[in-house]
Amino acid sequence: MSERQRASEAGAGARLNLGTRVFLGAVALAVLGVAWTVGGYLGRAPAPTGIDRTDGATLALGRKVYDAHCVACHGKDLEGEPNWREKKPSGRMPAPPHDDSGHTWHHPDAVLFGITKEGLVPGKYAPPGYQSDMPGFGSVLSDDEIWAVLAFIASRWSERARGRQATVTRQAEAGR
């Protein structure tokens, strides 16, 4: 093989090597981009799903979940515990109503989802030191079941409360 052929093959190898490096670099950037995008969502409550609060199947599931897991504290008609604004002798706050007389509809969807999934975590969903008996249901209920129970609760609010809660949710999403 002549010196010229060797140089030509070496050049072809270098071009291929450079092309391989460019390809691998592009793949690495794509992987980093996906990891950055996914990583940006880790640790956050899922974005609201846009559940249709008029969907019969969703509301039926939500009622079933509410009856099984929520009614004991929040009441059959979402009325909450008596004197829900006053501490119990234990120092903990009673379960609030989920109807219009309570404050559930004052919170955006993501916060309601987070409280239901994780519990009423002081410093995250409540003031530091706040004590409540609200457990997290993330190990008991699927995300779909949590969204369904929230849809059921929201379906029981007045038109005014639903409108206000939708506004609060939009404002919270815009502030992300």
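1. **The model.** This is a predicted model, in which local features need pLDDT of at least 70, side-chain atom pairs count only at pLDDT 80 or more, and totals for chains, interfaces and linings use all residues. Residues are numbered from 1 along each chain as its sequence is written, and side-chain values use heavy atoms, with hydrogens and water left out.

2. **The overall fold.** The protein chain has six helices and zero strands. Helices (H or I, at least four residues) and strands (E, at least two) are DSSP runs, numbered from the N terminus. Along the sequence the pattern reads α-α-α-α-α-α. Of the 176 residues in the protein chain, 29% are buried. Buried means under 20% relative accessible area, exposed means over 50%, and partly exposed is in between (1.4 Å probe, protein chains only). Now take the contacts with a separation of 6 or more: residues 24 or more positions apart account for 55% of them. A contact means heavy atoms within 4.5 Å.

3. **Helix 2 against helix 5.** Two packed helices are described by the angle between their axes and the distance between the axes. Here helix 2 (residues 56-69) and helix 5 (residues 143-155) have axes that come within 7 Å and cross at roughly 95°. That makes helix 2 roughly perpendicular to helix 5. Axes are lines fitted to C-alpha atoms, for helices over the stretch in contact, and angles run from 0 to 180 degrees between N-to-C directions. Angles under 35 degrees count as roughly parallel, over 145 as roughly antiparallel, 65 to 115 as roughly perpendicular, and the rest as oblique.

4. **Who makes that contact?** Helix 2 brings T58, L59, L61, G62, R63, V65 and Y66, while helix 5 brings E145, A148, V149, A151, F152, I153 and S155. Sorted by type, the residues of this contact of helix 2 with helix 5 are nine nonpolar, three polar and two charged. The sorting rule counts Ala, Val, Leu, Ile, Met, Phe, Trp, Tyr, Cys and Pro as nonpolar, Asp, Glu, Lys and Arg as charged, and the others, Gly among them, as polar.

5. **Aromatic pairs.** Rings of Phe, Tyr and Trp (its six-membered ring) pair if their centres lie within 6.5 Å; planes under 30 degrees apart count as stacked, over 60 as edge-to-face, and the rest as tilted. By this rule there are two aromatic pairs. The ring centres of Y66 and F152 are 5.6 Å apart and the planes stand at 50°, so this pair is tilted. Y66 is in helix 2 and F152 in helix 5, so the pair ties together parts that are 86 residues apart in sequence. Y66 is buried, at a relative accessible area of 0%. F152 is buried too, at 6%. F113 and W147 form a stacked pair, with 4.6 Å centre to centre and 25° between the planes. F113 lies in helix 4 (residues 109-118) and W147 in helix 5, so this pair links parts 34 residues apart in sequence. Both F113 and W147 are buried.

6. **Helix 4.** How enclosed is helix 4? Seven of its 10 residues are buried, so helix 4 is largely enclosed by the rest of the structure. The buried ones are D109, A110, L112, F113, G114, I115 and T116. They pack against helix 5 and helix 6 (159-174). G114 has a relative accessible area of 1%. Not counting residues up to four places away in sequence, G114 touches G119 and Y125. G119 follows helix 4 and has a positive phi, near 95°.

7. **H74.** This residue sits in helix 3 (residues 71-74). H74 counts as buried, at 8% relative accessibility. A polar atom of the H74 side chain lies 2.8 Å from the backbone oxygen of P96. The side chains of H74 and H98 are joined by a polar contact of 3.2 Å. A polar contact is a pair of N or O atoms within 3.5 Å; within protein, one must be able to donate a hydrogen and the other to accept it, and residues adjacent in sequence count only if both atoms are side-chain atoms.

8. **Two positive phi values.** Most residues other than glycine have a negative phi. L78 has a positive phi, near 65°. N83 also has a positive phi, near 55°. L78 lies in the loop between helix 3 and helix 4, and N83 lies in the loop between helix 3 and helix 4. L78 is buried, at 1% relative accessibility, whereas N83 is exposed, at 53%.
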